[in-house]
Amino acid sequence: MSSATLKIDDKEFTLPVMVGTEGERAIDTRKLRADTGVVAYDQGYGNTASCESSITYLDGEVGVLRHRGYPIEQLAAYSDFVETAYLIIYGELPNATQRKDFGLLIRINAGIETQMQKIFEGFPKDAPPMALLSSIVGSLAAHYPQLATNNFETDLKNFDLAAAIAISKIRTIGAMIYRYQRGLPYVGPRQELSFCDNFLHMMFSEPGSDYTVAPEVAKALNLLLLLHADHEQNCSTSTVRMVGSSAANMFTSISAGISALSGPLHGGANTAVMGMLQAIHDEGDDGTRFIAAAKSGSKSNRLMGFGHAVYKNFDPRAKIIGKACDEVLKKLGIDDPLLAIAKNLEQAALKDDYFLARKLYPNVDFYSGIIMRAIGIPMNMFTVIFAIGRAPGQIANWREVAANPKGRIYRPRQIYVGPTKRDYVPIKDR
Ligand code: ACO
């Protein structure tokens with residue numbers, strides 16, 4: 001094993017160097033504080049490996065993304081969301097029997113019991129969908145206490161069922177949020193339908209009607225969900241791991257992850273991108289104003305859908321989605337002016353020194369909103385779709401934490417920069 005030498009003042013310390021299966025190297029600093037009295041400072045953990053994981057490999061410098069070794073391009077071309085979910089969760093592609101059993105467990109757990117349906121009534125109809133989603137997913141721990149015992153061993157024993165419930169019901173809850181907000185009666189799942197057909201049925205069918213899902217629409221949704229299925233130690237997945245590390249059950253941990261996903265710098269970016277494209281369209285601008293504003297350096301003026309915390313090259317998912325966008329719109333016979341605006345904006349930004357110097361390329365959210373709009377998903381539901389897609393990754397990461405016998409509770413350090421010790425002053429003297 002190789003090692004690194006750290007010199008603090010005139011004292012030298014040796015630190016082990018770990019190597020991942022793809023050759024990534026990391027200095028193991030776990031004993032740094034105990035041995036030296038010093039901690040590592042890494043705001044936002046951008047340079048810190050918080051865990052060892054065998055789920056997803058990502059090389060942001062060259063735009064590589066693989067789940068359990070399989071390139072995202074191959075999964076997008078040949079697999080589907082449910083099969084990829086199995087791969088991400090269990091580590092191998094399923095054989096025919098495993099695929100059938102997994103699919104069946106998801107199908108038979110799609111329904112939402114009457115008592116749980118009542119939770120919706122407690123929320124204002126115009127509440128942000130992600131606020132509803134995280135709360136209602138969190139309530140799964142209350143509805144299935146036998147699967148959510150907050151004990152690693154027991155929860156792992158019931159893992160298969162809990163995982164199927166999470167994947168299936170997050171989707172059903174998503175469809176119910178859509179209907180609740182519109183004052184529409186709930187439409188229950190149909191067991192014979194595939195995962196995406198069932199979701200579209202629950203969202204768009206009228207009770208008793210023969211709604212049929214257009215295959216292009218289901219296919220596009222399938223691709224979107226698959227492309228979001230996992231993405232290494234992003235903000236929401238790390239949140240799931242952090243919450244799970246306290247032995248909190250899977251449902252509670254995923255609910256926390258969904259909250260993290262709701263922010264516009266993360267999963268909320270797809271909504272923000274569409275808002276930006278729509279504003280450009282409404283103003284009749286060609287995007288110049290937005291590009292100029294984005295270069296000001298202010299966080300609130302960023303070019304949404306551009307840049308990524310780890311991709312410093314094209315986001316491989318954005319390449320796949322950008323291509324699918326053209327195909328889906330063509331198949332559905334839709335001419336969306338926002339697609340042309342997005343393409344122009346992308347071209348303009350890719351020629352601009354500001355974006356080139358900072359390696360800011362379109363990310364997964366840049367084109368996903370245009371596909372969702374084309375298949376009838378309203379803008380305020382975009383991040384909910386992302387959350388439905390991300391469930392397998394969150395489940396797999398929770399499991400890795402729960403199953404790690406050497407795992408520790410997540411507990412970072414800080415550098416305190418507040419006031420030093422001072423004495424209390426009674427209120428009359430302040
Ligand atoms: N528009 C304009 N400038 C940007 C953008 C952007 N979208 N993104 C980053 N920058 C600038 C920063 O201001 C910084 O400039 P500086 O060096 O002059 O200070 C430089 O590029 C480097 O950026 P970082 O701060 O290192 O980027 P970071 O890794 O912190 O942020 C993030 C990544 C949050 C994704 C950022 O690029 C961003 O806000 N993008 C827009 C929101 C978005 O699309 N989010 C979705 C990400 S994908 C996902 O979560 C599914």
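The model is a predicted one, with local features needing pLDDT of at least 70 and side-chain atom pairs counting only at pLDDT 80 or more, while totals for chains, interfaces and linings use all residues. Residues are numbered from 1 along each chain as its sequence is written, and side-chain values use heavy atoms, with hydrogens and water left out.

A pocket here is an open set of points on a 1 Å grid over the protein atoms alone, where a 1.4 Å probe fits, with protein on both sides within 12 Å along at least five of seven lines; lining residues have an atom within 4 Å of a point. Seventeen residues, written as 17 in the count, line the second largest pocket, and Ala76, Lys219, Leu223, Ala324 and Glu327 lie nearest its centre. Helices H2 (72–78), H11 (215–227) and H16 (316–331) are the elements giving two or more residues to this lining; helices are DSSP runs (H or I, at least four residues) numbered from the N terminus. The axes of H9 (residues 159–181) and H10 (residues 195–204) come within 8 Å and cross at roughly 25°, with axes fitted to C-alpha atoms over the stretch in contact and angles running from 0 to 180 degrees between N-to-C directions. H9 and H10 are therefore roughly parallel, a label for angles under 35 degrees; over 145 is roughly antiparallel, 65 to 115 roughly perpendicular and the rest oblique. Their crossing is right-handed, meaning that the near helix is turned clockwise from the far one by less than a right angle.

The crossing of H6 and H9 is right-handed. Pro129, Leu132, Leu133, Ile136 and Val137 of H6 meet Ile170, Ile173, Gly174, Ile177, Tyr180 and Gln181 of H9; that makes nine nonpolar, two polar and no charged residues.

Finally, Phe314 sits in the loop between H15 (288–294) and H16. Setting aside neighbours within four places in sequence, Phe314 is in contact with Gly63, Lys319, Glu346, Leu350, Tyr361 and Pro362.

Note on methods
Contact means heavy atoms within 4.5 Å. Ala, Val, Leu, Ile, Met, Phe, Trp, Tyr, Cys and Pro count as nonpolar, Asp, Glu, Lys and Arg as charged, and the others, Gly among them, as polar.
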